[in-house]
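The sequence and structure come first.

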Amino acid sequence: MGIPFGYVLALAGIVTVLGMICTAARRNLIMMLLGVEIMLNGAAIAFIAAALRWQQLEGQAFVLFIIAIAAAEVSLGLALIVYLYHRTGSLNPEDYRVLK
């Protein structure tokens, strides 16, 4: 017998909420990007749990898509953060209002 489906969904919800808190509470762009990645991992856990519960492979295929999107997001996000850091010398998002 495996782990109950409700427990895995609760774990996915907790991970997603922790990612939201990290994104909302931090004033550092790298930590905000990390929070978005944590939220994507929470969604991936939920898809894997649903795929195992209903014996469908579509959930696992969608998780592979989520991982690919997350990798592209990280590479683009970090490139933008490095560019903005060189331009302003700060990682505080409020310092970038001048760039509008």
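Helix α3 covers residues 58–88, and its 31 residues should span 45 Å at 1.5 Å a residue; the end C-alpha atoms lie 44 Å apart, which agrees. The expected span is 1.5 Å times one less than the number of residues in the helix. Helices are DSSP runs (H or I, at least four residues) numbered from the N terminus. The model is predicted: local features need pLDDT of at least 70 and side-chain atom pairs count only at pLDDT 80 or more, while totals for chains, interfaces and linings use all residues. Residues are numbered from 1 along each chain as its sequence is written, and side-chain values use heavy atoms, with hydrogens and water left out.

**Helix α3 and its burial**
- Buried residues of α3 are Gly59, Val63, Ile66, Ala70, Gly77, Ile81 and Leu84, where buried means under 20% relative accessible area, with a 1.4 Å probe and protein chains only.
- An α-helix has 3.6 residues a turn, so residues three or four places apart point the same way.
- Helix α2 is included in what covers the buried residues of α3.

**After α3**
- Gly89 follows α3 and has a positive phi, near 80°.
- Ser90 is in the segment after α3 and is buried, with a relative accessible area of 17%.
- The Ser90 side chain reaches the backbone nitrogen of Asn92 at 3.0 Å.
- Setting aside neighbours within four places in sequence, Ser90 is in contact with Leu84, Tyr85, Asp95 and Tyr96; contact means heavy atoms within 4.5 Å.

**The largest pocket**
- The largest pocket has a volume of about 150 Å³, a volume being the space filled by probe spheres set on grid points joined across faces, edges and corners.
- A pocket is an open set of points on a 1 Å grid over the protein atoms alone where a 1.4 Å probe fits, with protein on both sides within 12 Å along at least five of seven lines; lining residues have an atom within 4 Å of a point.
- Its lining consists of Ile3, Pro4, Phe5, Val8, Ile45, Ile48, Ala49, Leu52 and Arg53.
- Helices α1 (5–25) and α2 (29–54) each supply at least two lining residues, and α2 gives the most, with 5.
- The lining residues divide into 8 nonpolar, no polar and 1 charged; Ala, Val, Leu, Ile, Met, Phe, Trp, Tyr, Cys and Pro count as nonpolar, Asp, Glu, Lys and Arg as charged, and the others as polar.

**Ala50**
- Ala50 lies in α2 and is partly exposed, with a relative accessible area of 21%; partly exposed is the range between buried and exposed, the latter being over 50%.
- Ala50 and Asn92 are 42 residues apart in sequence and 38 Å apart in space, C-alpha to C-alpha.

Terms used: A polar contact is a pair of N or O atoms within 3.5 Å; within protein, one must be able to donate a hydrogen and the other to accept it, and residues adjacent in sequence count only if both atoms are side-chain atoms.
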